[in-house]
Amino acid sequence: MGLPDEAKALPPPGIINRNSVWLGVIGWCSAMLQNALNRRPPMKSGIHRQALLASIGWFIGYHVTKHENYTYARLDRDMNEYVRLHPENFSDKGKWIGLMST
């Protein structure tokens, strides 16, 4: 599921982004849940597993954000190209102003 070469032209997402944070927290919570289900102290037991699963979630979140940025950039590019090729469909700006005021 790698990104195409044109995605490499986009700037990389920040290290701290919403997908990384959410998936990192989910990874950490899954380690805590596994500890609780195995009747071990959730916070104290398996610190290495907690760090590993949080890191894996963070890594996956970073790459999900990269894919999301590429998808939105591609959609924006396609939409702008369509507007450029079909200006007659988007030339009547006064029509929308009249509709909004009624």
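How many salt bridges does the structure hold? The structure, a predicted model in which local features need pLDDT of at least 70 and side-chain atom pairs count only at pLDDT 80 or more, while totals for chains, interfaces and linings use all residues, holds 5 salt bridges. Residues are numbered from 1 along each chain as its sequence is written, and side-chain values use heavy atoms, with hydrogens and water left out. A salt bridge is defined here as a side-chain nitrogen of Lys or Arg within 4 Å of a carboxyl oxygen of Asp or Glu.

One of these pairs joins Asp5 to Lys8, with the closest N and O atoms 3.6 Å apart. Accessibility classes are buried (under 20% relative accessible area), exposed (over 50%) and partly exposed (in between), computed with a 1.4 Å probe on protein chains only. Asp5 is exposed because its relative accessibility is 61%; Lys8 is likewise exposed, at 66%.

A further salt bridge is formed by the side chains of Glu6 and Arg77, at an N to O distance of 3.2 Å. Glu6 lies in the segment before α1 (18-37) and Arg77 in helix α2 (residues 47-85), so the pair ties together parts 71 residues apart in sequence. Helices are DSSP runs (H or I, at least four residues), numbered from the N terminus. Glu6 is partly exposed, with a relative accessible area of 41%, and Arg77 is partly exposed, with a value of 41%. Glu6, Arg77 and Asp78 are linked in a network of salt bridges.

Arg18 and Glu68 also meet through their side chains in a salt bridge (2.8 Å, N to O). This pair links distant parts of the chain, with Arg18 in helix α1 and Glu68 in helix α2, 50 residues apart. Arg18 counts as exposed, at 53% relative accessibility.

Terms used:
Helix = DSSP H or I, 4+ residues; strand = E, 2+ residues; numbered from the N terminus.
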